[in-house]
Amino acid sequence: MILSTQHNTIVFSPPKTGTRYRMIRFKDVNDMKRQPGNMHVPISYVHEICQDHELDQQTLHKVVCIRNPWRRYASLFDMMFRARKNQDDQPQLFIKWINSEHFNRRAFSLDTFLFDKEGDLGADEILQIDDWHAHIDRLKQLLHHDSDVPYNYKSKYSYEDTYKQWYTQQAIDLVAEKDAKTIELLNLTF
């Protein structure tokens, strides 16, 4: 998460959306950098954050960076199970993981990041990281950050060739159910 009180902007970052890169790139305008445990705070906590920093929630510009949910969950799965040697059981393990308590506890759905506790859209702006350069350019505008740092972010894993291999129709449907509101709002597809 990035909070710039100077620019009255907060940027929420679900896991596996390039959070660490953004926090490093915009560290000079981030008032949250010294507080541990705040990388993946959902938008439902905006009230508490505003109270802690004496900000007006109504005027604070709330941004959420998202990623195609099917790619995002594949990235989470790969991160957690990369060391597994037997690739044959990956689709079944993937489904088991999506249904697990661990998944539901640790892998916040995008819906949790975009919608407040009442179920209303809490974000003023949604940036899709699938267009990496455009989302960074927009953050540079919002945070008045003129750095010429190149766009050298590279994922540790290339999903283009392999992430779809883990998805059966059941897995596609499970992810669609977990992020239903986000998928509908942004018209996202597998």
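Are Phe-77 and Phe-94 buried or exposed? Phe-77 is buried, and Phe-94 is buried too. The model is a predicted one. Both residues belong to a cluster linked by ring pairs, whose members are Trp-70, Phe-77, Phe-94, Trp-97, Tyr-167 and Phe-190.

**Aromatic pairs**

- The count of aromatic pairs comes to seven.
- One of them joins Phe-77 and Phe-94 in an edge-to-face arrangement, with 4.9 Å centre to centre and 75 degrees between the planes.
- This pair links distant parts of the chain: Phe-77 lies in helix α3 (residues 69-81) and Phe-94 in helix α4 (residues 90-99), 17 residues apart.
- Phe-94 also pairs with Tyr-167; their ring centres are 4.8 Å apart and their planes stand at 80 degrees, so this pair is edge-to-face.
- Tyr-167 sits in the loop between α7 and α8 (169-178) while Phe-94 sits in helix α4, so the pair ties together parts that are 73 residues apart in sequence.
- Phe-94 and Tyr-167 are both buried.

**Charges over rings**

- Lys-164 places its charged end over the ring of Phe-190, at 5.2 Å from the ring centre.
- Lys-117 has its charged end over the ring of Tyr-45, at 5.8 Å from the ring centre.

**Nonpolar cores**

- In soluble globular proteins, nonpolar side chains tend to be buried together.
- Here the largest nonpolar core has 39 residues, and Phe-12, Phe-94 and Tyr-167 have the most contacts inside it.
- The elements giving two or more residues to this core are β2, α2 (46-53), β3, α3, α4, α6 (110-114) and α8.
- Apart from it lies another core, of 15 residues, including Val-29, Leu-127, Trp-132 and Leu-143.
- What does Tyr-167 touch, not counting residues up to four places away in sequence? The answer is Pro-69, Trp-70, Tyr-73, Ala-74, Phe-94, Ile-172, Val-175 and Phe-190.

**Strands**

- Strand β1 (residues 2-4) runs antiparallel to β2, and three bridges join them.
- Leu-3 has Ile-10 in β2 as its bridge partner.
- Four residues lie between the strands of this hairpin, where Asn-8 takes a positive phi near 50 degrees.
- β2 pairs with β3 in the parallel sense, over four bridges.
- Phe-12 stands opposite Val-64 in β3.
- Which residues of β2 point one way, and which the other? Thr-9 and Val-11 point one way, Ile-10 and Phe-12 the other, and all are buried.

**Helix α7**

- Helix α7 (residues 132-142) has Trp-132, His-135, Ile-136, Leu-139, Lys-140 and Leu-142 as buried residues.
- They cover an arc of only 165 degrees around the axis, which puts them on the same side of α7.
- Their cover includes β2 (9-12), α1 (19-25), β3 (61-66) and β4 (125-128).

**Thr-19 in helix α1**

- Thr-19 lies in helix α1.
- Thr-19 has a relative accessible area of 4%, so it is buried.
- Leaving aside neighbours within four places in sequence, Thr-19 is in contact with Met-1, Ser-13, Pro-14, Met-39 and His-40.

How values were computed
Residues are numbered from 1 along each chain as its sequence is written. This is a predicted model: local features need pLDDT of at least 70, side-chain atom pairs count only at pLDDT 80 or more; totals for chains, interfaces and linings use all residues. Side-chain values use heavy atoms; hydrogens and water are left out. Buried means under 20% relative accessible area, exposed over 50%, partly exposed in between (1.4 Å probe, protein chains only). The arc is that of the directions from the helix axis to the C-beta atoms. Contact means heavy atoms within 4.5 Å. Two strands pair if DSSP finds at least two bridges between them. Rings of Phe, Tyr and Trp (its six-membered ring) pair if their centres lie within 6.5 Å; planes under 30 degrees apart count as stacked, over 60 as edge-to-face and the rest as tilted. A charge sits over a ring if NZ of Lys or CZ of Arg is within 6 Å of the ring centre and within 35 degrees of the ring normal. A nonpolar core is a set of buried Ala, Val, Leu, Ile, Met, Phe, Trp, Tyr and Cys residues joined through side-chain atoms within 4.5 Å.
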